Amino acid sequence: QGGIFSNCSEALSSNNHAVLLVGSDDKGNWLVKNSWGDKWGENGIITLSPGNTCGISNYAVSFIADSVL
């Protein structure tokens, strides 16, 4: 519903689907978009405390774009 999520139980730390890191706020918290639609969280976004909160970076994938189309 709101706020900064920082406390995962062991059950919540097991990753079972992909999410997208879309940015960060001015305090360094991560803004993460879930695939469950905009009715979840704050318009589909959850704010996580920085770091490996809830194991979010255990299976991270990134890319480097060589050029912009």
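## Strands and overall make-up

Strands, as the term is used here, are DSSP runs of E with at least two residues, numbered from the N terminus. In this predicted model, Ser-49 lies in the segment after E3, and the chain as a whole has three strands and zero helices, so that, by the run-based definition of these elements, its order from the N terminus reads β-β-β.

Of the 69 residues in the chain, 14% count as buried, while the exposed surface comes to about 5,600 Å², with carbon and sulfur atoms supplying 54% of it. Among contacts in the chain with a separation of 6 or more, 34% are accounted for by residues 24 or more positions apart.

## The segment after E3

Ser-49 counts as buried because its relative accessibility is 16%, which falls under the 20% cut-off. Leaving aside residues up to four places away in sequence, Ser-49 touches Ile-4, Phe-5, Ser-6 and Asn-29.

Cys-54 is also found in the segment after E3, and with a relative accessibility of 17% it counts as buried. Although Cys-54 is not a glycine, it has a positive phi of about 60°.

Most residues other than glycine have a negative phi.

Notes. Residues numbered from 1 in each chain as written. Predicted model: local features only at pLDDT ≥ 70, side-chain atom pairs only at ≥ 80, totals over all residues. Heavy atoms only, no water. Helix = DSSP H or I, 4+ residues; strand = E, 2+ residues; numbered from the N terminus. Buried < 20%, exposed > 50% of the residue type's maximum accessible area, 1.4 Å probe, protein only. Contact = heavy atoms within 4.5 Å. Areas by Shrake-Rupley, 256 points an atom, 1.4 Å probe, with all protein chains shown as cover.
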